[in-house]
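I opened the notebook to record what I looked up in this model, one topic at a time.

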Amino acid sequence: MRKHTEFHEFILLGIPQTEGLETVLFVIFSFAYLFTLLGNLLILTAIVSSSTLHTPMYFFLGRLSIFDTLFPSVTCPKMLYYLSGQSQALSYKGCAAQLFFYHFLGSSEGCLYSVMAYDRFVAICHPLRYMPIMRPGVCVSLVMAAWLAGCLHATILTSFTFRLTYCGSNRVGYFFCDIPAVLPLACTDSSLAQKVGSTNVGFLALMLWFSVCISYTRIGIAILRIRSAEGGKKAFSTCSAHLTAILCAYGPVIIIYLQPSPNPLLGAVVQILNNIVSPMLNSLIDSLRNREVKRSLRRVFYNAVFISLA
């Protein structure tokens, strides 16, 4: 990496047009980040501690909670560090690592959403064959495939971004190292990296969105055919929470990476929603709309109180 650059660190300038609001933003983002970590940790604890939740649906939900814990942790700690008045510098390798893990975890989570949509499709459209189809080995293989797809995606983006020569300004006009913020600092032609980034992100997002649409179209048709009002309501309730999380995940991707002329402030606001708010909302949606998770969480709290009083 060193032979491609004449400096050894980047300076993160933070969220555009927020000068003087560092203390307020630090308090808001600290609360949101801690709430996200706590919420997803509680969901993961509830799933692991309850034998009734050891099913394919909750297996994927537990992995989603892991993603929602790791994904904001790529950008939030450094952002909170410099919002508290500390150094805004980030090493060259640290910037590359941040970009890699951001796209690795983000794209892996997108793949997991498609896997979860397929899981719901099998459960609702083929209930009698659900357990044979979604057996443990298949579930593990699908999660591993999501990790591998995300790793390949992030490796391509990171290699094309950091193969360029960076010898001018090292001031990144953003709150973390991402492709639209880093590429303008290159002093060699970055058009190929921009095309590869837009094509790669766009193709993966559209392909995953298309797979989700196919699954939920089939699910919608199956729900309309359910004669029991209670059965249709239960199926819709189970899928609506997952569909809401998917919309929150894919909306920011389309706005940030596929717009022809990026707006820094709009991109930062949408990116914050994607990095912090969406993982926090996922934990709220999964815990408040799911009776089994709420029941398991109550059991965990009761056991914790009983042990502390004993």
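**Strands**

I began with phenylalanine 10, whose bridge partner in strand 2 is leucine 90. The model I am reading is predicted. Strand 1 covers residues 9–12 and strand 2 covers residues 89–91; three bridges join them, and they run antiparallel. I then looked up isoleucine 11 and found its bridge partner, arginine 171, in strand 3. Strand 3 covers residues 171–172, runs parallel to strand 1 and is joined to strand 1 by two bridges.

**Disulfide and other cysteines**

I searched for disulfides and got a count of one. The link joins cysteine 95 to cysteine 177, with an S to S distance of 2.0 Å. I noted -120° about the S-S bond, which makes the link of cysteine 95 and cysteine 177 left-handed. Cysteine 95 sits in helix 4 and cysteine 177 in the loop between strand 3 and helix 7 (179–182), so the pair ties together parts that are 82 residues apart in sequence.

Cysteine 95 has 0% relative accessibility and counts as buried. Cysteine 177 also counts as buried, at 0% relative accessibility. I looked up two further cysteines. Cysteine 111 counts as buried because its relative accessibility, 9%, is under 20%. Cysteine 151 has a relative accessible area of 31%, so I logged cysteine 151 as partly exposed.

**Nonpolar core**

Next I looked up the largest nonpolar core, which has 75 residues. Phe29, Met79, Phe162, Tyr166 and Phe175 have the most contacts inside this core. Helix 4 (residues 92–125) gives the most to the core, with 17 residues. As a general note, nonpolar side chains in soluble globular proteins tend to be buried together.

I listed the contacts of methionine 79, leaving aside neighbours within four places in sequence. The list holds Ile15, Phe29, Phe175 and Ile276.

**Aromatic pairs**

I searched the whole structure for aromatic pairs and found 17. Phenylalanine 100 and phenylalanine 104 are four residues apart in helix 4, which means about one helical turn separates them. Phenylalanine 104 is buried, with a relative accessible area of 11%.

I also took the pair of tyrosine 174 and phenylalanine 176, with ring centres 5.6 Å apart and planes at 35°, so this pair is tilted. Tyrosine 174 and phenylalanine 176 are both buried.

Which residues form an aromatic cluster with Phe100 and Phe104? I found Phe67, Phe101 and Trp147 in the one cluster with them.

**Serine 215**

I located serine 215 in helix 8 (residues 191–225). Serine 215 counts as buried, because its relative accessibility is 9%. Not counting residues up to four places away in sequence, serine 215 touches Ala117, Tyr118 and Phe121.

**Leucine 284**

Leucine 284 counts as partly exposed, because its relative accessibility is 29%. I then took the C-alpha to C-alpha distance from leucine 284 to isoleucine 43, which is 9.6 Å. Leucine 284 and isoleucine 43 are 241 residues apart in sequence.

Technical notes: Residues numbered from 1 in each chain as written. Predicted model: local features only at pLDDT ≥ 70, side-chain atom pairs only at ≥ 80, totals over all residues. Heavy atoms only, no water. Buried < 20%, exposed > 50% of the residue type's maximum accessible area, 1.4 Å probe, protein only. Contact = heavy atoms within 4.5 Å. Core = buried A, V, L, I, M, F, W, Y, C linked by side-chain atoms within 4.5 Å. Phe/Tyr/Trp six-rings, centres within 6.5 Å; stacked < 30°, edge-to-face > 60°. Pairing = 2+ DSSP bridges. Disulfide = S-S within 2.5 Å.
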